[in-house]
Amino acid sequence: MRKVPGFSDSGRRSSVVGRKAVFLDRDGVLNRAIVKNGKPHPPSNLEELEIPEDVPQALHALKEAGFLLLGATNQPDVSRGTQKRETVEAIHAALLKALPLEEIFVCYHDDGDGCSCRKPLPGLLYQAADRYAIDLSSSFMIGDRWKDIEAGQRAGCVTILIDHQYVEQLTARPPDYIVRLLSEAVNCILNLNVLKKDSKASPPPFPPPSEGEGVKKLNNSPSPLTGEGRVRVKN
Ligand SMILES: [Mg+2]
């Protein structure tokens with residue numbers, strides 16, 4: 001275990017032994033997003049909530065490997081008045097019952113609210129790190145949108161994009177890995193975890209795993225962004 005690194009903007013962490021966590025975005029990661037015109041939307045009620053087949057088993061494998069599993073989600077429709085907070089809470093209660101998650105951290109704000117928790121800001125991850133004494137540099141952020149990836153990058157996590165081929169731009173700085181399913185993201189994390197344990201000299205924090213089915217390791221140069229602003233995953 002490593003010590004939790006200090007953060008210049010919080011000044012609170014210096015000597016706490018940190019836990020390793022996997023932060024998971026909600027819509028498009030834990031449950032299916034409702035895709036309209038190439039853009040993802042949250043389920044509007046419990047009836048629309050659908051958990052992909054590979055998700056429960058993948059999360060149980062992560063938990064067995066010792067990772068703390070935490071949801072981190074923006075739900076701005078509550079602030080916009082188009083969704084009830086009770087409905088969001090009912091969806092989260094259902095997810096917590098069905099999946100081995102410790103907690104789901106939520107930002108209910110919209111862009112104009114000036115909060116520090118709405119992704120791409122890393123506030124939700126910092127809240128979780130404080131509550132659970134998490135070592136963010138040994139942790140992962142899995143998301144399906146650029147805001148998830150940027151929040152993970154700002155917090156110092158390894159980032160994995162589940163690419164659902166939405167019509168939107170990604171971050172200027174690409175994610176560390178791109179996959180198509182949560183189960184592939186989990187395999188990537190488990191491979192990195194094994195490599196890290198087996199490594200005795202002072203290796204880089206996360207040696208790259210072998211590129212398996214659907215998993216692509218990104219290099220910083222050249223940029224993986226195509227002219228259309230999309231990241232393509234090789235078959
Ligand atoms: Mg999402």
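A residue is called buried here if 20 or more other C-beta atoms lie within 10 Å of its own, exposed if 12 or fewer do, and partly exposed in between, with C-beta atoms placed from the backbone. The structure is a predicted model, in which local features need pLDDT of at least 70 and side-chain atom pairs count only at pLDDT 80 or more, while totals for chains, interfaces and linings use all residues. Residues are numbered from 1 along each chain as its sequence is written.

Strands (E, at least two residues) and helices (H or I, at least four residues) are DSSP runs numbered from the N terminus, and the chain has nine strands and six helices. Of its 235 residues, 35% count as buried.

Strand 1 pairs with two other strands, where pairing requires that DSSP finds at least two bridges. Strand 1 runs parallel to strand 4, with four bridges between them, and Val-22 stands opposite Leu-69 of strand 4. Strand 1 also runs parallel to strand 6, joined by three bridges; here the bridge partner of Phe-23 is Met-141.

Two residues are in contact if their C-beta atoms, placed from the backbone, lie within 7 Å. Leaving aside neighbours within four places in sequence, the contacts of Phe-23 include Leu-70, Ala-72, Leu-125, Ala-128, Phe-140 and Cys-157. For the chain, 60% of the contacts with a separation of 6 or more are between residues 24 or more positions apart. A nonpolar core is a set of buried Ala, Val, Leu, Ile, Met, Phe, Trp, Tyr and Cys residues joined through C-beta atoms within 7 Å. The largest such core has 48 residues, and those touching the most other members are Val-22, Phe-23, Leu-125, Phe-140, Ile-142 and Ala-185.

Leu-125 leads on to helix 4, which spans residues 123–132 and has Leu-124, Leu-125, Tyr-126, Ala-128 and Ala-129 buried. The buried residues of helix 4 pack against strand 1 (21–24), strand 4 (68–74), strand 5 (103–107) and helix 5 (146–155).

Most residues other than glycine have a negative phi, and most peptide bonds are trans. Ala-133, which follows helix 4, has a positive phi near 55 degrees. This residue is in the loop between helix 4 and strand 6 (140–143) and counts as partly exposed, with 15 C-beta neighbours inside 10 Å. Asn-37, not a glycine either, has a positive phi of about 55 degrees. Asn-37 lies in the loop between strand 2 (34–36) and strand 3 (39–41) and is exposed, with 7 other C-beta atoms within 10 Å. In the loop between strand 5 and helix 4 is Pro-120, and the peptide bond from Lys-119 to Pro-120 is cis, with omega near 25 degrees.

Lastly, two helices meet. The axes of helix 1 (residues 55–64) and helix 6 (residues 182–198) come within 9 Å and cross at roughly 15 degrees, so the two are roughly parallel, a term for angles under 35 degrees. Axes are lines fitted to C-alpha atoms, for helices over the stretch in contact, and angles run from 0 to 180 degrees between N-to-C directions. Among the residues making this contact are Val-55, Ala-58 and Leu-62 of helix 1 and Leu-182, Val-186 and Ile-189 of helix 6.

Terms used: Parallel < 35°, antiparallel > 145°, perpendicular 65-115°, else oblique.
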